[in-house]
Every structure is written in C-alpha cells, then in structure tokens.
Amino acid sequence: MNWPVSLVIAVNTVKGYARDRLFYGIIVFAILFVMFAYLLATLTIIEQRKIILDFGLSAISLGGIVLAIFVGLNSVGKEIDNKTIYTILSKPVSRFAYILGKFLGCAIVCIFTQMIMELVLGIIIQGAGEVMPVGIFGCYYLMALESILILSVAIFFSLSISSSFLAGTLTMGIFLIGRSTTTIAVIMNHVNSTVGRFFLRFVNDIFPALGRFSVRELVAYGKIYPHEILLSSTLYTFLYISIFLFAAISFFYKKDLR
C-alpha cells in the first residue's frame with residue numbers, strides 16, 4: 001500500500017474543500033445552530049447549563065453527521081463528474097490508495113469542522129458563567145467517531161450507486177436505523193411473528209449501533225458514563241469503517257474509468 005500517495009490525496013482533498021463555498025456555508029449554519037443553544041438558555045432562568053449542553057451537543061452531533069454525508073457523497077462523485085479522476089488514475093495511483101486518501105482527507109475535514117463547533121460551544125459555556133462538564137471531551141470523541149463511520153457509509157454508497165440523491169437517502173437511512181437499534185431491540189421483544197422477530201434481529205445485528213456513541217444526555221445532566229466505552233467504540237468504529245471502505249474499493253475497481 002502506497003501511504004505517501006494516499007496522504008497527498010488526503011491533503012489535496014482538504015485543500016479542495018477549503019475552496020468550496022458551499023462547505024463554508026454548512027460550517028456557518030452549523031455554528032449558528034450551536035449558538036442557538038445560548039438563545040434558548042436565555043429564555044429561562046432555570047436549568048440554563050443543561051439547556052446549553054443538551055442542545056449544543058445535539059447541534060454538534062447533527063452538524064457533524066450532515067457534513068460527513070455531504071463530503072462523503074461529493075469527495076469522489078465530484079471528480080468523476082468533472083472527469084478529473086481520469087487524470088489522477090492515469091498516474092501511478094492505485095484505486096485503493098485513492099479511496100483511502102479521499103477518506104482520510106474527508107475525515108480531517110469533518111473532525112476539524114466539529115472542533116470549530118466544539119470551540120464555539122466552549123465559548124458559550126464560559127460566557128454563560130458555567131464550567132465544562134466532566135466527560136465532555138469523551139463525548140466529543142464519540143461524536144467524531146460516529147461522524148467518521150457515517151462518512152465511510154456515504155463514500156460506499158457514492159461509489160456503488162450512480163444517483164447522488166439515492167446514495168444520500170440510503171446513508172441517512174443507515175444513520176436513522178443505527179440510532180434506533182436500542183428501540184428496535186425493545187420492539188423485537190413484543191413482536192409475536194417469527195418472521196418479524198427474525199427481520200428485526202437481522203436489522204439490529206447487521207446495522208451499526210450508533211446509540212453507543214451517544215452520551216450527550218449523560219454529560220448534559222452531570223452523569224458519569226463508563227469510560228471503557230471509548231476504547232470499545234474505537235474498535236467498533238474501525239471494524240465498520242474497514243467493512244464499508246473495503247466494499248467501496250471493491251465497487252470502485254469494477255468501475256470502468258478508462
């Protein structure tokens with residue numbers, strides 16, 4: 001595997017989004033969404049800290065997911081549409097190194113943007129005279145893992161499906177189902193149909209359980225979460241990213257780009 005080539009592609013991917021006006025528009029909207037938490041908190045004199053944290057962390061999480069889907073769908077698709085990918089692949093660049101570089105570049109973009117939103121939330125918390133809650137940085141880390149996992153899903157669908165709209169819809173569907181795996185498990189216990197239980201168990205087992213990345217409410221309400229979840233979630237994310245990227249690369253090798 002040619003790591004230097006992948007790193008060069010990653011850097012160029014970051015530079016490409018640094019020139020994208022739509023990308024900056026998403027960042028501005030996400031920041032305003034986070035700042036809205038402070039406006040909500042000013043409407044009440046009770047539970048101000050909890051409102052800021054609960055809404056602010058939710059805004060960062062949602063903003064990170066939306067951005068991951070956006071960059072994941074556009075990272076390779078835009079270069080295929082613009083035909084610039086032909087120039088890249090005409091050089092000694094393997095398709096594996098290309099996809100890996102694209103993923104790394106998009107991951108850097110997602111993490112950097114999320115850090116900006118987290119900085120804004122930190123300023124809001126300090127400006128409101130509150131202190132940073134225990135475990136908030138672990139919460140930030142888990143949200144970053146979730147967005148990177150969804151990024152790999154978006155890249156997979158962008159390469160396996162020609163329609164960007166359908167690819168985005170399926171990616172969002174994976175996200176919504178992943179966030180609902182706990183609810184699905186509860187419903188499964190109340191379903192009488194064998195076929196229905198089998199289907200729900202299949203969905204619950206095969207889709208990534210994104211609920212494991214959500215400790216926002218625990219942090220907002222000052223509760224302690226098991227910190228060993230950080231390591232297990234890291235390994236869990238690496239497993240699913242490997243699966244989706246391997247599948248994406250497999251589809252990419254089948255594409256006729258000559």
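**A word before the views.** Partly exposed is the label for a residue whose relative accessible area falls between the under 20% of buried and the over 50% of exposed. Everything shown here comes from a predicted model.

**View A. Isoleucine 243, a residue of helix α11.** Helix α11 covers residues 229-254, and isoleucine 243 sits in it. Its relative accessibility comes out at 45%, so isoleucine 243 counts as partly exposed.

**View B. Helix α3 against helix α5.** Here we have α3 (residues 48-81) and α5 (residues 95-127), with axes that come within 9 Å and cross at roughly 155°. An angle over 145 degrees counts as roughly antiparallel, and α3 and α5 are therefore roughly antiparallel to each other. The handedness of this crossing is right-handed. Sort the residues of the α3 and α5 contact by type and you get 17 nonpolar, 6 polar and 3 charged.

**View C. Helix α5 from end to end.** Count along α5 and you find 33 residues. From the first C-alpha of α5 to the last is 48 Å, close to the 48 Å expected at 1.5 Å a residue. After the helix comes glycine 129, with a positive phi near 80°.

**View D. Helix α3 again, now with helix α6.** This time the partner of α3 is α6, residues 136-160. The two axes come within 8 Å, with a crossing angle of roughly 25°. Angles under 35 degrees count as roughly parallel, so α3 is roughly parallel to α6. As for the hand, α3 and α6 make a right-handed crossing.

**View E. Glycine 135 in the loop between α5 and α6.** Follow the chain from α5 towards α6 and the loop between them holds glycine 135. With 15% relative accessibility, glycine 135 counts as buried, because the label applies under 20%. Set aside the neighbours within four places in sequence, and glycine 135 is in contact with Val219 and Tyr225. Valine 215 also makes a handy reference: glycine 135 and valine 215 are 80 residues apart in sequence, yet 9.1 Å apart in space, C-alpha to C-alpha.

**View F. Helix α8 alongside helix α9.** The pair in this view is α8 (residues 181-188) and α9 (residues 194-206). Their axes come within 10 Å and cross at roughly 160°, which means that α8 is roughly antiparallel to α9. The crossing of α8 with α9 is left-handed. On the α8 side, the contact is made by Thr181, Ile184, Ala185, Ile187 and Met188, while α9 brings in Arg197, Leu200, Arg201, Val203 and Asn204. By type, the residues of the contact of α8 with α9 divide into 6 nonpolar, 2 polar and 2 charged.

**View G. Isoleucine 31 and its contacts.** Isoleucine 31 belongs to helix α2, which takes in residues 21-42. Leave out residues up to four places away in sequence, and isoleucine 31 touches Ile116, Met117 and Val120. Look for glutamine 114 as well: glutamine 114 and isoleucine 31 are 83 residues apart along the chain, and 9.5 Å separates their C-alpha atoms.

Key: Residues are numbered from 1 along each chain as its sequence is written. This is a predicted model: local features need pLDDT of at least 70, side-chain atom pairs count only at pLDDT 80 or more; totals for chains, interfaces and linings use all residues. Side-chain values use heavy atoms; hydrogens and water are left out. Axes are lines fitted to C-alpha atoms, for helices over the stretch in contact, and angles run from 0 to 180 degrees between N-to-C directions. Helices (H or I, at least four residues) and strands (E, at least two) are DSSP runs, numbered from the N terminus. Angles under 35 degrees count as roughly parallel, over 145 as roughly antiparallel, 65 to 115 as roughly perpendicular and the rest as oblique. A crossing is left-handed if the near helix is turned anticlockwise from the far one by less than a right angle, and right-handed if clockwise. Ala, Val, Leu, Ile, Met, Phe, Trp, Tyr, Cys and Pro count as nonpolar, Asp, Glu, Lys and Arg as charged, and the others, Gly among them, as polar. The expected span of a helix is 1.5 Å times one less than its number of residues. Contact means heavy atoms within 4.5 Å. Buried means under 20% relative accessible area, exposed over 50%, partly exposed in between (1.4 Å probe, protein chains only).
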